[in-house]
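Open the model in the viewer and keep the selection panel at hand.

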Amino acid sequence: MSVSQSTRSLNLTIIGTGFVGVVSAAVYAHFGNQVYGLDIDKHKIDLLKDSQIPFFEPGLAELLQKTQKTGRLKFTTNYQKAISQADVILIAVGTPSAPSGNADLKYVLAASVSLAPYLKQDAIVVVKSTVPPGTLAKVAEAIKTKTKRHFYLASLPEFLKEGTAVADTLKPDRIVIGATDPFVFQVLEALHQPFGAPIVKISPESAQMAKYAANNFLATRITFANQLADLCEKNGADIDEVIKAIGYDQRIGAHYWYPGFGYGGSCFPKDVKELAAYSRTVGEADNLFNKIDALNETRIAKLLDHYEKLIGGFEHKKVAVLGLSFKPNTNDMRVAPSTKVIPLLIEKGAEVVGYDPKASWLEFGLPQLDNFQQLKTIEAALENVDVIFVLIEWPEIVQFDYGKIRQKNKPQWLIDARNQLDIQQVQKWGFNYLAIGKSVKVPSYERAKSK
Ligand code: UDX
């Protein structure tokens, strides 16, 4: 590839057709590049060839279909075909946490070895997976075991959110390019010009740290809000009012520190653990990230103990858990609050039913549990229920008319894990309402009756 070529559309190959890989492949093709999505999983590739996505993400199937029709986006399991013509290869494979908490680089390094024999002279190998500083040297070493050709390296962290991944990728807040060579900056800057976002050109180590920093900062902010919320419950303050009051301070802002049952998903829990583990490996054992992780890990058990006391025990109660995914607009259940809440409720003696508009407990591979079943409609899940957990803010769950299922002859509890319901409305319906960081009074006669 010559420098002049660097301003035109490129031949790209994205290794790994997981969440980040598929979204990126579709978006780069949308912007006029010739893209291959490459994976060793034949079943996944067969689905993708047919514009079928193995997960739910709004708008992605449409974008995939559109770009596949133009002929600019293809999927394959054939390394030779996909790599030998690629100017830029993006590695977007998974980086699960190893038992030590450190990022496990085995898939990144396996992909590096597999691509090496077919690498074009001067191709750019870009690591998009979340990896710690120092990883590019390992990738270079792995590639060099299989080729003598010259290649370049870069780091291009991904900041998209599930549920809004297509919009986030088409219009990102910024593009971060971590590299050392001016040619690499030039090619990757040209590739990202159509995105219309600020481009931050920094070293690979800074780019890798920036990814961890962004997710750890946001996770810390959420944990801070959760800690404040717990204090508010003890003193009559309301966490939403507190956030509103300080959010006008432009240094702080009111967005993205809504309290709840703790952060979940595929990134925050993992990235906090990884930064904590990385800190330990470089001799910073006493670090903030350890504590953030521990607070988040123990949060749900602590909240359920608290509710157990307020409600007078979960034993023999029918409990509906609404929202099984880790957040709205996804069927992803990785580190979803439901996966902790449901087993704990069962342990406390409850009979639990679940509902989610998209996520499926069993299809996600979670174990069948005695005393738990997932039902197909919200109405079915709420039949004759004693306690309702509004766990995830799916619009259908937040907007549901709970007055319809209120049984006047018994106390019923509504626990709002995302502070989304109108307190006055819920109390008018006659529910005992518990939310996060709000000291809602529970009528004492109701508490006595529920025992
Ligand atoms: C996150 C980052 O936002 C994204 O930039 C990165 O690329 C991947 O990780 P994602 O995991 O898709 O994205 O979801 P996000 O919407 O950020 O939510 C993460 C978790 O934090 C969820 O459990 C969510 O409920 C929780 N959260 C988020 C809060 O508890 N309060 C908030 O104010 C925001």
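Select helices α9 and α11: their crossing is left-handed (the near helix is turned anticlockwise from the far one by less than a right angle). The model is predicted, with local features needing pLDDT of at least 70 and side-chain atom pairs counting only at pLDDT 80 or more, while totals for chains, interfaces and linings use all residues. Residues are numbered from 1 along each chain as its sequence is written, and side-chain values use heavy atoms, with hydrogens and water left out.

Helix α9 spans residues 204–235 and helix α11 residues 268–281; their axes come within 9 Å and cross at roughly 110°. Axes are lines fitted to C-alpha atoms, for helices over the stretch in contact, and angles run from 0 to 180 degrees between N-to-C directions. The two helices are therefore roughly perpendicular (65 to 115 degrees).

Next, show side chains at this contact (heavy atoms within 4.5 Å). From α9, pick Met 209, Lys 211, Tyr 212, Asn 215, Asn 216, Leu 218, Ala 219 and Ile 222; they meet Phe 268, Asp 271, Val 272, Glu 274 and Leu 275 of α11. The residues of this contact divide into 8 nonpolar, 2 polar and 3 charged.

On the α11 side are Val 272, Lys 273, Leu 275, Ala 276, Ser 279 and Arg 280, which meet Phe 289, Asn 290, Ile 292, Asp 293 and Glu 297 in α12. By class, the contact has 5 nonpolar, 2 polar and 4 charged residues.

Now turn to the cavities. How many of 30 Å³ or more does a search of the whole structure find? There are 2. A cavity is a set of points on a 1 Å grid where a 1.4 Å probe fits but cannot get out, and lining residues have an atom within 4 Å of a point.

For the largest cavity, of about 40 Å³, select Val 127, Ser 129, Thr 130, Val 131, Ser 155, Leu 156, Pro 157, Gln 208 and Lys 211.

The second largest cavity, of about 30 Å³, is lined by Asn 102, Ala 103, Pro 132, Tyr 212, Glu 274 and Tyr 278.

Conventions. Helices (H or I, at least four residues) and strands (E, at least two) are DSSP runs, numbered from the N terminus. Angles under 35 degrees count as roughly parallel, over 145 as roughly antiparallel, 65 to 115 as roughly perpendicular and the rest as oblique. Ala, Val, Leu, Ile, Met, Phe, Trp, Tyr, Cys and Pro count as nonpolar, Asp, Glu, Lys and Arg as charged, and the others, Gly among them, as polar. On a 1 Å grid over the protein atoms alone, a cavity is a set of points where a 1.4 Å probe fits but cannot get out, and a pocket is an open set with protein on both sides within 12 Å along at least five of seven lines; lining residues have an atom within 4 Å of a point. Grid points are joined across faces, edges and corners, and a volume is the space filled by probe spheres set on the points.
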